[in-house]
Amino acid sequence: MNKGVIAGTVAIGLIATGAMAVPVVERYAAGRIKAEIERDGASTVGGVEVGLLKRSITLTDLKSSREADVSVGRWQALGLGWPLAELMQGRTPLAGLKWGDPLQADRLELRDLSIGNREAGGTWKIESLVLEGLDLARFDAGDVGPYGPLVLVARALGALQVRRLEQRGMVFVMPGSGDTFSVATIVVERYGGGYMAAIVVGDIEATPREGRTPLFKVADITIKGLDVGRSIEAFSSADWRPGISIGQVRVEHASATGFSGDTLARYGVSLGSLTLETMRESDTVSRSRARIDGFVLAPPLRSMEGLKLRLALQAMGLREVKLSFDCTGVEDRARGEITVDRCALSGPSLAEINFTGRIVGADEAFWQAIDDGDVAAFYDSKAVLASARLVLADASLLERGLKALSATTGQPVSTTRANLARDIRRFQPAGVLITPTLTQLLDTVARFVEQGGTLTLDARPEPPLAIDRIDYLMSPGADLVEALGLKATLSR
């Protein structure tokens with residue numbers, strides 16, 4: 001007989017024998033897993049399925065009461081990178097996985113997840129949670145310090161990579177109060193060690209226990225380029241304590257739209273969108289912009305708070321107030337500068353308030369304080385405030401404010417205006433030296449009250465005000481005006 005035919009026949013026989021043995025091995029592995037999960041009596045599982053060729057495990061009706069009341073309707077892992085020897089001992093990624101153990105899976109899916117806190121009350125429920133491309137590297141689970149659970153979670157997040165995460169139907173019932181916080185959908189793309197390429201969150205609601213209408217609701221949140229790596233690194237340290245800096249959170253783009261809820265409705269507030277953007281022009285230069293669009297205050301009459309606000313607006317001749325906020329700034333590490341180009345609060349036909357400023361001499365200590373989120377570290381920096389400017393361009397706000405004030409005092413607007421201007425000219429800040437510069441500044445502000453126009457306040461300290469003297473502004477000395485180089489100008 002041909003030797004090739006014999007070899008082929010033997011190979012086919014071995015394959016057939018192996019194929020017939022696979023179901024036997026799968027049933028045996030499933031039985032061992034179920035037995036190990038239920039061995040200590042703290043956990044039960046309704047069914048276990050093992051797919052050796054697909055490297056999959058499926059658990060149904062899983063319940064555990066080890067540290068909290070946990071139940072999972074269905075738990076399935078596909079393409080699981082988990083040693084067969086571990087499976088045979090009943091150690092699965094949900095029952096038996098130890099802190100620090102590695103875990104890889106092409107897809108991990110949980111449905112009908114519920115976690116309850118027996119001591120404090122409250123529950124956390126998720127309809128479905130799907131992770132694709134899960135890769136948890138081995139990490140150090142020893143020496144976690146006094147805040148062990150937080151440190152372990154941070155270390156796991158630092159070692160984790162996920163290609164895509166999708167969560168649906170999350171509801172968290174607050175311990176004690178019974179209030180609920182819910183999120184309809186969360187999608188995270190390309191997570192790795194604290195960096196998330198994209199996040200989309202839909203329908204966030206906060207609802208009181210006895211209420212049907214959400215107190216607060218956000219329809220959509222979109223985030224791109226979110227980096228919390230520094231915070232994870234800080235929390236991963238065994239030396240971490242409350243009050244220690246947790247690092248700067250960086251984001252390339254973030255926006256939120258669709259604000260509603262009973263809290264906003266109670267005061268007649270509507271809000272269009274919040275947006276934050278950071279664009280890196282080079283390795284050392286970045287430009288940031290924050291915007292608030294579509295803010296409207298139109299107080300209703302259904303509550304005492306709304307009635308008071310409505311009366312205050314009516315006294316100013318207004319039915320509603322529309323505002324927008326737009327702030328841009330540049331961080332230039334090569335030149336050691338931070339510049340606020342324009343930070344404007346605008347009310348159409350009312351006024352515009354614009355702030356600009358410039359910090360120079362930013363050194364390594366300054367940037368480290370920003371990166372670490374450590375305010376106290378600023379005192380080690382030699383950076384200084386070079387200049388700042390506040391511009392108030394009045395359109396009708398001053399006149400409307402004087403009318404409202406006159407309505408409460410029962411005096412004519414002309415009298416109210418004259419009295420306010422007089423009080424400003426006579427104003428003497430406690431502990432501050434009355435110099436010709438201060439007198440001129442107060443007179444300019446008083447003329448603004450009398451005439452309107454555009455009031456500009458400039459601060460050009462000479463020498464520049466060091467950041468480590470910032471406490472001086474909280475309890476200024478007699479030389480406040482000279483120390484800040486304050487001047488005021490008025491234009492029409």
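Asp112 is found in strand 4, which covers residues 103-116. In this predicted model, phi of Asp112 is near 55 degrees, a positive value in a residue other than glycine. Asp112 counts as exposed because its relative accessibility is 53% and the cut-off for exposed is over 50%.

With a relative accessibility of 40%, Asp61 counts as partly exposed.

## Overall dimensions and composition

The protein chain contains eleven helices and 20 strands. Its radius of gyration is 32 Å, whereas the globule rule gives 23 Å for 492 residues; the computed value is well over that figure, so the chain is more spread out than a compact globule. The C-alpha trace spans about 115 × 55 × 45 Å along its principal axes.

Of the 492 residues in the protein chain, 38% are buried. The accessible surface of the chain comes to about 27100 Å², and carbon and sulfur atoms account for 58% of this area. When contacts between residues at least 6 apart in sequence are considered, 57% of them join residues at least 24 apart. As for charge, the chain carries 56 positive and 60 negative side chains, and the centres of these two sets lie 5 Å apart.

Arg168 lies in strand 6, which runs over residues 160-173. Its relative accessibility is 38%, so Arg168 counts as partly exposed, since that class lies between the 20% limit for buried and the 50% limit for exposed. The side chains of Arg168 and Glu166 are joined by a polar contact of 2.7 Å.

Which residues does Arg168 contact, leaving aside its neighbours within four places in sequence? The contacts are with Ile126, Glu127 and Ser128, and with Ala184 and Thr185.

## Helix 7 and its cover

Helix 7 comprises residues 364-372, and its buried residues are Phe366, Trp367, Ala369, Ile370 and Asp371. An α-helix has 3.6 residues a turn, so residues three or four places apart point the same way.

What covers the buried residues of helix 7? The cover includes helix 4 (229-235), together with strand 14 (321-332), strand 15 (337-347) and strand 16 (351-360). Gly373 follows helix 7 and has a positive phi, near 65 degrees.

Ser387 is located in strand 17, residues 384-394. The relative accessible area of Ser387 is 14%, so the residue is buried, the cut-off for buried being under 20%. Beyond its neighbours within four places in sequence, Ser387 is in contact with Gly357, Arg358, Ala459 and Arg460.

A cis peptide bond joins Glu462 and Pro463, with omega at about 5 degrees. Pro463 lies in the loop between strand 18 (454-459) and strand 19 (465-466).

Gly431 is situated in the loop between helix 9 (413-426) and helix 10 (436-451). Is Gly431 buried or exposed? Its relative accessibility is 57%, so Gly431 counts as exposed. When residues up to four places away in sequence are not counted, Gly431 touches Gly477 and Ala478. Gly431 and Gly294 are 137 residues apart in sequence, and their C-alpha atoms are 42 Å apart in space.

Ser303 occupies the loop between strand 13 (285-297) and helix 6 (304-315). In contrast to Gly431, which counts as exposed, Ser303 counts as buried because its relative accessibility is 15%. The C-alpha atoms of Ser303 and Tyr267 are separated by 8.2 Å, and the two residues are 36 residues apart along the chain.

Technical notes:
Residues are numbered from 1 along each chain as its sequence is written. This is a predicted model: local features need pLDDT of at least 70, side-chain atom pairs count only at pLDDT 80 or more; totals for chains, interfaces and linings use all residues. Side-chain values use heavy atoms; hydrogens and water are left out. Helices (H or I, at least four residues) and strands (E, at least two) are DSSP runs, numbered from the N terminus. Buried means under 20% relative accessible area, exposed over 50%, partly exposed in between (1.4 Å probe, protein chains only). Contact means heavy atoms within 4.5 Å. A polar contact is a pair of N or O atoms within 3.5 Å; within protein, one must be able to donate a hydrogen and the other to accept it, and residues adjacent in sequence count only if both atoms are side-chain atoms. The radius of gyration is taken over C-alpha atoms; the globule rule is 2.2 Å times the number of residues to the power 0.38. Accessible areas come from the Shrake-Rupley method with a 1.4 Å probe; for residues, only the protein chains shown count as cover. Lys and Arg count as positive and Asp and Glu as negative; His and the chain ends are not counted. The place of a charge is taken as NZ of Lys, CZ of Arg, CG of Asp or CD of Glu.
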